[in-house]
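Have the sequence and the 3D view open as you read.

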Amino acid sequence: MFVPVAKVEEIEPGTVKPVKAGEAELAVARVGDEFYAVQGHCLHLKGPLGHGKLEHHLLHCPWHGWTYDVRTGLNDFDHAIELQTFEVRVEDGEVAVDV
């Protein structure tokens, strides 16, 4: 079920935003005109990924710098570590996530 979480203009290219979709806390990243959604907390010590730094497709946790690819959820240095990812749609200026 796709749940609207933000307006397109609320997420600037190259940024990430913390959102809630129902009970799920997520981080929605915008790379150019593409949107990606991952679970909202880092797998290390639960740092808030929605407040992290986005460099191209890599999302850096603000607490300890763990890095994930927002397209796949894979950790940058250990591919055995993987965030949950969610399908994203943009319709009528709204970003919606499948939760």
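## Strand E4 and its partners

Strand E4 pairs with strand E8 (residues 85-86) through two bridges, and the two run antiparallel. Within this pairing, Val38 sits opposite Thr85 of E8. A word on terms: strands (E, at least two residues) are DSSP runs numbered from the N terminus, and two strands pair if DSSP finds at least two bridges between them.

This is a predicted model, in which local features need pLDDT of at least 70, side-chain atom pairs count only at pLDDT 80 or more, and totals for chains, interfaces and linings use all residues. Residues are numbered from 1 along each chain as its sequence is written, and side-chain values use heavy atoms, with hydrogens and water left out.

## The hairpin with E3

E4 also has strand E3 (residues 24-31) as an antiparallel partner, joined to E4 by six bridges. Here Val31 faces Glu34 in E4. Two residues lie between the strands of this hairpin, where Gly32 takes a positive phi near 65 degrees.

Five of the six residues of E4 (residues 34-39) are buried, so the strand is largely enclosed by the rest of the structure. Buried means under 20% relative accessible area, exposed over 50%, and partly exposed in between (1.4 Å probe, protein chains only).

## Asp78 in the loop

Now to the loop between strand E7 (67-69) and E8, where you will find Asp78. With 30% relative accessibility, Asp78 counts as partly exposed. The Asp78 side chain reaches the backbone nitrogen of Ala80 at 3.0 Å.

Note on methods:
Helices (H or I, at least four residues) and strands (E, at least two) are DSSP runs, numbered from the N terminus. A polar contact is a pair of N or O atoms within 3.5 Å; within protein, one must be able to donate a hydrogen and the other to accept it, and residues adjacent in sequence count only if both atoms are side-chain atoms.
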